[in-house]
Amino acid sequence: MISPLEHLSRNGRLDKFFIDGQWVEPRGTAQSVVVNPATEEVVARFPLGNSADVDAAVSAARRAFATWSRTKPEYRAGLLDRLQALLEARNELLAQCLSLEMGAAIGYARTAQVPLAIAHVQVARDVLTAFPFVERRGHTAVTREPIGVCALITPWNWPLYQITAKVAPALAAGCTVVLKPSELSPLDALLFAEAIEEAGFPAGVFNLVNGDGPGVGMALASHADVDMISITGSTRAGIAVAQAAAPTVKRVAQELGGKSPNVILPDADLDRAVSLGIAAAFRNLGQSCSAPTRMIVPRVRLSEIEAIAKRAAAQIIVGDPLSEATTHGAIANRSQFDRIQTMIGVGISEGARLLTGGSGRADDLSVGFYVKPTIFSDVVTSMRIAQEEVFGPVICIIPYDTVEEAVTIANDTVYGLGAHVQGEDMGAVRDVASRIRAGQVHLNYPAWDPHAPFGGFKQSGNGREYGIEGMLEYLEVKSILGYF
């Protein structure tokens, strides 16, 4: 099979943006590189956009909005159906791309990164076909109409997944979009744009400009003709985007950082609760904003929990992302690798007890951004490793004496994105879940639900993605009195 780089090079996509239905040359000359996290080698060069590229993309989106916003839902649903089929046909190409540019183990890219991304397209299509755009309230019609031109900024850790989570509902709602993917994982966005083009979306409905935050992100956030901006990224980046957007009073949706708790109640099945908790925290190498990296456990069972956690971590195979035997590949980029190493050192210096893992590359590998799965115990909630987002395979085991204390620890964070609760007594489990200040709570490791709204409390952001709520983000409410 042809590689993603060969495919993009052969089709002349690597050095282009997709604007107004065409693959176009960038306006500026700035470039950046794609580094393979497994080898630390530069594998591609690509252009970085500037304000002129943003102006062109926003203008195209604005022109297209006049017609696209008036299309029938059935027409938009048909295009989303085609897009879903085209992404499914590209499953292996997309998986290989994600493994190359962000270090995902190929098995995980095939079974999670790509199919979960495609599910967002199907959900948007299904929500669209059943959505009541007009509601009657007596003699008044309450309508929901597309907000307009939407700028979408997506991250490097779940690149395709976050693209579809934003683009699909925005298009379903009748909005037009300008996408800025992360400059650290830009290749999958080019493949996505190819699928958009082949699906037959009208010119200007979807536009892609690669670039960094200062050059493209801020230009989109401050642009007077952008009606809404949605960002998934760090809390720092979300604040900067909101500040840039404020003078134009555009809608800002933010899915930001997290430090999610996993509360294991005294009656929990420890073998299941702890082993699946380690797997959940280390999924995607911990590079998930909702990863449950604070395991809050009964102190009286601490030694038993530590033993189970160590056994679970020992099952993880870190190595070459393209090896079928690998369960966890490389950290996505150098800066994140360095951040994780720093935070492991912080944990040690703070006096947390290192159960397994630690500093340095995994398995004595000399090249590649490979991190040892690391577990700290005897962590107290005031430690930096219990408060700051590490964004890597590093978990804190925090003991408690009472369930009330466990809830207090769970909420002792500036974040509120995700949470988990484990226990046999569902009444107690539900009660604890109701007291945790987080936008999405998982009870006893349920199956993923792409219709479940996702978003944060506190400094984890505002707004919601996925399902009906995900499309509502891209709609304005209008009341028309005397309509009926």
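User: Is F206 buried or exposed in this structure?

Analyst: Good place to start! Keep in mind that this is a predicted model. A residue counts as buried when its relative accessible area is under 20%. F206 has 1% relative accessibility, so F206 is buried.

User: Which ring pairs with F206, and how is the pair arranged?

Analyst: The whole structure holds 14 aromatic pairs. In one of them, the ring centres of F18 and F206 are 6.3 Å apart and the planes meet at 35°, so this pair is tilted. The two residues come from distant parts of the chain: F18 sits in strand β1 and F206 in strand β9, 188 residues apart. F18 is buried too, at 4% relative accessibility.

User: Where is N157, and what does its side chain reach?

Analyst: N157 is in the loop between β7 and α6. A polar atom of its side chain lies 2.9 Å from the backbone oxygen of Q287. N157 also touches other residues, including M102, Q113 and F391. With a relative accessible area of 7%, N157 is buried.

User: Which residues make a nonpolar surface patch?

Analyst: V134, Y483 and F484 make one of about 290 Å². V134, in strand β5, is partly exposed at 47% relative accessibility.

Technical notes:
Residues numbered from 1 in each chain as written. Predicted model: local features only at pLDDT ≥ 70, side-chain atom pairs only at ≥ 80, totals over all residues. Heavy atoms only, no water. Patch = residues over 30% accessible without salt bridge, like charges linked within 9 Å, V, L, I, M, F, W, Y side chains within 5 Å. Areas by Shrake-Rupley, 256 points an atom, 1.4 Å probe, with all protein chains shown as cover. Salt bridge = Lys/Arg side-chain N within 4 Å of Asp/Glu carboxyl O. Helix = DSSP H or I, 4+ residues; strand = E, 2+ residues; numbered from the N terminus. Buried < 20%, exposed > 50% of the residue type's maximum accessible area, 1.4 Å probe, protein only. Polar contact = N/O pair within 3.5 Å; in protein donor to acceptor, adjacent residues only side chain to side chain. Contact = heavy atoms within 4.5 Å. Phe/Tyr/Trp six-rings, centres within 6.5 Å; stacked < 30°, edge-to-face > 60°. Lists of a residue's contacts leave out its neighbours within four places in sequence.
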